[in-house]
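Let's take a walk through this fold, sheet by sheet and helix by helix. Have the sequence and the 3D view at hand as you read.

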Amino acid sequence: MNTAAANMEDEAEVKMAEDSNKVVESDGEPMTPSDHSDADHDSNISDRDDSDYQSEDQEISDDDDKPNIRWTGYNKKIPVLIFHPEAVLQNKCRYKKVGERFHMAFKFGSTESRIIRTVLLAHGFHEVTSNHSDYNILWTGGHLKPLTLRNMADFQKINHFPRSYELTRKDKLYKNVQRMQQMKGCRNFNFVPMSFVIPSEYQEFCCSFCKDRGPWIIKPVASSRGRGVHLVSHPEQVPFDEHLIVSKYIQNPLLIDGFKFDIRLYVAVTSYDPLVVYLYEEGLTRFATVRYDKSQRSLKNQCMHLTNYSVNKKSDSYVKNDDPDIEDYGNKWSLGALLRYLKAKGTDTAAMMMKIEDVVVKTILSAELHIAAASKMFINNKWNCFELYGFDVLIDDTLKPWILEVNLSPSLVCDSPLDLKIKTNLICDLFSAIGIVCHDPMVKNYQQIRKNMELAAQMNSGKNKAFLAVLNHT
């Protein structure tokens with residue numbers, strides 16, 4: 001990393017999850033998308049073994065008598081809940097004990113998520129209605145109202161920061177990165193394609209087009225799943241009646257068996273002051289369903305140029321993977337499968353991932369000041385909020401990563417067994433990382449914290465005597 005970028009990263013505490021451990025591979029060579037005929041706050045994100053993800057917390061044993069609790073805070077007096085993917089994937093009921101004992105609750109805001117509900121129910125939470133104020137965690141898909149944030153108790157969690165649109169709106173993202181280019185040098189923040197906001201910057205776009213007549217890609221500033229995205233070859237094809245961003249199209253993507261792909265990375269932020277970022281160790285690799293062609297006659301073929309799952313799943317050529325243990329088959333791979341494939345071809349995947357981590361951190365740094373200021377203004381407790389971003393990254397044929405967009409509420413739909421495995425582990429690690437305090441939501445202040453500590457200490461037989469001794473001196 002260059003000096004200017006390193007100086008900025010010294011301002012933030014950035015925690016990166018370790019690379020994936022070994023994952024079960026399919027027999028023989030990894031399969032490419034065309035092989036249709038061969039086979040149709042104080043806790044860290046946990047690591048994996050060969051079969052499933054495991055918590056790093058060695059204090060939590062597999063004995064049924066041991067609760068899934070980690071002790072945090074000053075003098076390790078505050079119990080937080082640890083989430084285990086086997087509660088969902090293997091339907092183990094013993095992880096419900098702590099949530100049920102503390103009457104822990106969750107609710108949804110503007111949108112619901114099946115995997116969020118499943119994970120929380122499997123850990124003893126119960127669901128309350130959207131107008132209910134007694135909850136531990138609120139999961140919503142939309143932007144937040146200031147009143148909602150100001151009324152939150154210290155132990156409550158919500159899955160968005162105020163002004164997160166500074167990263168997730170395409171026009172805001174580009175403007176923030178552009179500002180950092182002017183402050184720190186273009187070469188240090190050269191990971192977003194040249195872009196123009198339409199209609200306000202239409203003339204600037206025309207001037208740039210005269211210098212570079214290559215294809216450009218148009219995207220609505222606040223849409224997702226490939227809606228409204230298309231390629232153009234002339235300024236006259238750009239509409240004026242919508243708020244759009246037009247970006248230089250990257251014509252030299254890295255291909256696998258002739259197919260274009262991008263990577264969906266999951267990035268969690270648990271605090272903006274100080275900045276705490278987690279890059280999840282696993283992700284998804286999404287392939288187009290038509291082999292890539294640079295010619296002008298193919299510009300309108302969305303299934304060639306767009307890698308969005310929502311676009312390509314409608315194609316007759318889409319190949320679905322029904323086996324979660326085979327991660328390198330069909331049009332959706334795991335990130336780990338992609339890295340193993342590239343490494344087998346001689347690619348320095350460690351260096352590539354370092355570049356990806358670098359651009360992820362810089363992207364978040366570009367909007368840090370805006371979101372941190374809004375958080376100080378609207379949030380009573382800086383640990384109330386957390387965010388799960390979906391970063392879409394394209395790798396070109398020089399192994400340079402490009403940030404295509406950042407998604408506010410990345411899709412958690414599980415349309416395949418591979419989706420279910422990756423996203424269940426993702427959500428369990430996310431909830432373990434944000435530190436959900438074992439607290440009865442019916443009690444809205446921490447005068448009840450002594451009873452919570454006593455209850456948790458009684459459940460944690462290995463620490464029972466030690467923590468009761470601490471309680472007696474408080």
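Predicted model: local features only at pLDDT ≥ 70, side-chain atom pairs only at ≥ 80, totals over all residues.

We can begin with an open sheet of four strands, paired in parallel and ordered 5-4-6-7. Strand 5 (126-127) and strand 7 (157-158) are its edges; each has a single partner strand, so one side of each is left without a neighbour in the sheet. Inside the sheet, strand 4 (residues 105-108) pairs with strand 6 (residues 137-139) in the parallel sense, over three bridges.

Helix 4 (residues 114-122) lies across strand 4, strand 5 and strand 6, and runs at about 170° to strand 4. Helix 4 also meets helix 13 (residues 417-434): their axes come within 10 Å and cross at roughly 60°. The two helices are therefore oblique to each other, and their crossing is right-handed. On the helix 4 side, the contact is made by I115, I116, V119 and L120, which meet L420, K423, T424, I427, C428 and F431 in helix 13. Sorted by class, that contact has eight nonpolar, one polar and one charged residues.

Strand 9 (residues 216-220) and strand 11 (residues 244-248) run antiparallel and are joined by five bridges, with I218 opposite V246 in strand 11.

**A hairpin with a covered strand**

Strand 13 (residues 259-272) and strand 14 run antiparallel, joined by five bridges, and a hairpin connects them through two residues. In this pair, A268 stands opposite Y278 in strand 14. Strand 14 (residues 275-279) is mostly covered, with five of its five residues buried. Both of its faces are covered: L275, V277 and L279 are buried on one side, V276 and Y278 on the other. In general, side chains of a regular strand alternate between the two faces of the sheet.

**Helices 11 and 12**

The axes of helix 11 (residues 335-344) and helix 12 (residues 349-378) come within 10 Å and cross at roughly 135°, and these helices are therefore oblique to each other. L335, L339, L342 and K343 in helix 11 meet T349, M352 and M353 in helix 12. This contact has five nonpolar, one polar and one charged residues.

| Helix pair | Axes come within | Crossing angle |
|---|---|---|
| Helix 4 and helix 13 | 10 Å | roughly 60° |
| Helix 11 and helix 12 | 10 Å | roughly 135° |

**A buried threonine**

Our last stop is T168, which lies in helix 6 (residues 165-168). With 13% relative accessibility, T168 counts as buried. Leaving aside residues up to four places away in sequence, T168 touches Y389, V406, N407 and L408. T168 and V221 are 53 residues apart in sequence, and their C-alpha atoms are 9.0 Å apart in space.

How values were computed
Residues numbered from 1 in each chain as written. Heavy atoms only, no water. Pairing = 2+ DSSP bridges. Contact = heavy atoms within 4.5 Å. Axes fitted to C-alpha atoms, helices over the stretch in contact; angles between N-to-C directions. Parallel < 35°, antiparallel > 145°, perpendicular 65-115°, else oblique. Left-handed = near helix turned anticlockwise from the far one by under 90°. Nonpolar A, V, L, I, M, F, W, Y, C, P; charged D, E, K, R; others polar. Buried < 20%, exposed > 50% of the residue type's maximum accessible area, 1.4 Å probe, protein only.
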